[in-house]
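Have the sequence open beside it as you read.

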Amino acid sequence: MLFLILGKGKTGSLVAEVAHERGPGVRGLDIHENRGASALTAPTLAGVDVVIDFTSAEAAVENMRAVLALGCRIVVGTTGWYAHLDAMKSIAERRGGGLLYGTNFSIGVQKLFRLTADLAQLDGYSFSIAETHHESKLDAPSGTAITLKEIIQSAQPDAQIEVTSHRIGDAKGEHIVTARSADDVLELRHDAFSRRGFALGAVRGAEWLASQNRSGAWDFREIFDQL
């Protein structure tokens, strides 16, 4: 099995390290080697089972278009591009490609999503979300916080949910969901100590995607139980 990692930043480099530890072969391209998805050609992708993207929102869209148009498979851990999701799904279906995407590839955060869905069933509570990430994270609120908000609103469409974002140092990622009533308060919290949990989830997702003999697009939330 061979993975091509796009992005050699902190998370992308860790993804390559984790993939190597688990056995697949690993190649990598940074933004200068793949500007405008120029390196994602048929010869480059020959023999590559899955591409894994941890770049930027703009670059991720270009990368997805190139990979999916060739009928190849890509895992996207980059956030901030979801306005293009329907278009990416369409390319995957028309060209026989595979797309696995998610606002967060941490297994712990996937459990947070499910616990939040349970919490959102409560009546008589107001909800809020707070998230903290490193200073270089460009999108705010985080994709994870947006997902948490959507989960609550799916249960309570009229809920007004305050989301606050903080950018501090090299914070790895903290999300707190609060449910407050006149009588008590409940909190769900996930605090990442390192980026390794995100990297491991992305690699396990890539292993899953490589095993599929069908085309299409999947949210990591839908398939993480199958890992």
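This is a predicted model: local features need pLDDT of at least 70, side-chain atom pairs count only at pLDDT 80 or more; totals for chains, interfaces and linings use all residues.

## A pair of facing strands

Start with I176, whose bridge partner in β9 is R189. Strand β9 covers residues 185-191 and pairs with β8 in the antiparallel sense, over 7 bridges. The link from β8 to β9 is a hairpin that passes through 4 residues.

On which strand does β8 find another partner? Strand β6, residues 126-133, is joined to β8 by 7 bridges, and the two run antiparallel. Within that pairing, E131 has H175 of β8 as its bridge partner.

Now move to strand β3, residues 50-53. Here V50 and I52 point one way while V51 and D53 point the other way, and all of them are buried. For anyone inspecting side chains, note that D53 is among these buried residues.

The pairing around β3 is parallel. Strand β1 (residues 2-6) pairs with β3 in the parallel sense over 4 bridges, and I5 has I52 of β3 as its bridge partner. Strand β4 (residues 73-76) also pairs with β3 in the parallel sense, over 3 bridges. In that pairing, V51 stands opposite I74 of β4.

## The whole protein

Stepping back, the protein contains 8 helices and 10 strands. Its C-alpha atoms fill a box of roughly 65 × 35 × 30 Å along the principal axes. How does the radius of gyration fit a compact globule of 227 residues? The protein has 18 Å, which agrees with the value near 17 Å that such a globule would have.

Of the 227 residues, 49% count as buried. Contacts reach across the sequence too: among those between residues at least 6 apart, 69% join residues at least 24 apart.

Notes:
Residues are numbered from 1 along each chain as its sequence is written. Side-chain values use heavy atoms; hydrogens and water are left out. The radius of gyration is taken over C-alpha atoms; the globule rule is 2.2 Å times the number of residues to the power 0.38. Buried means under 20% relative accessible area, exposed over 50%, partly exposed in between (1.4 Å probe, protein chains only). Contact means heavy atoms within 4.5 Å. Two strands pair if DSSP finds at least two bridges between them.
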